[in-house]
Amino acid sequence: QVQLVESGGGLVQAGGSLRLSCAASGIIFSINVMGWYRQAPGKQRELVADITRGSVTNYADSVKGRFTISRDNAKNTVYLQMNSLKPEDTAVYYCRVIRREWVPYDYWGQGTQVTVSS
């Protein structure tokens, strides 16, 4: 049974920083892509950033230069360092892991709330 456990969310003032972590357990076949998504009230879930097993990264334009995604393949863990946070970054942040090869899978975490006050 695969489980994704997210941590690091919370309340922070504008301009502050937070670091999110997501640890995947029960993984047998290696993860291709690990990513972070977010969903604000009344809006669709959107990609924030993702990273391949070879550490190729992809960011939403709205977070480029402020957020950094990284991963530890040995620990099946992905991180999101969020700096210079803005009130519009307020959302529930979800971790996602994807495997596209033999025995594919696609799992989501339960979400962690990030609130940025002005």
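Modeller: Start with Arg66, which is buried because its relative accessible area is 10% and buried means under 20%, exposed over 50%, partly exposed in between (1.4 Å probe, protein chains only). This is a predicted model: local features need pLDDT of at least 70, side-chain atom pairs count only at pLDDT 80 or more, and totals for chains, interfaces and linings use all residues. Residues are numbered from 1 along each chain as its sequence is written, and side-chain values use heavy atoms, with hydrogens and water left out.

Colleague: What makes Arg66 and Asp89 a salt bridge?

Modeller: The term needs a side-chain nitrogen of Lys or Arg within 4 Å of a carboxyl oxygen of Asp or Glu. The closest N and O atoms of Arg66 and Asp89 are 2.7 Å apart, so the pair qualifies. Arg66 lies in the loop between β6 and β7, and Asp89 in the loop between β8 and β9 (91–99), so the pair ties together parts that are 23 residues apart in sequence. Strands are DSSP runs of E, at least two residues, numbered from the N terminus.

Colleague: Why is Asp89 called buried?

Modeller: Its relative accessible area is 1%. That is under 20%, so Asp89 is buried.

Colleague: How do you know that Arg96 and Asp106 form a salt bridge?

Modeller: Their closest N and O atoms are 2.5 Å apart. That is within 4 Å, so the term applies. The pair links distant parts of the chain: Arg96 is in strand β9 and Asp106 in strand β10 (residues 105–108), 10 residues apart. Arg96 is buried, with a relative accessible area of 18%, whereas Asp106 is partly exposed at 37%.

Colleague: How many salt bridges does the rule give?

Modeller: The count comes to six.

Colleague: What makes phi of Ser55 worth a note?

Modeller: Phi of Ser55 is near 70 degrees, a positive value in a residue other than glycine. Ser55 lies in the loop between β5 (46–52) and β6 (57–59).

Colleague: Is Asn76 buried or exposed?

Modeller: Asn76 has a relative accessible area of 17%, so it is buried. Phi of Asn76 is near 50 degrees, also a positive value in a residue other than glycine. Asn76 is in the loop between β7 (67–72) and β8 (77–82).

Definitions and conventions
Helices (H or I, at least four residues) and strands (E, at least two) are DSSP runs, numbered from the N terminus.
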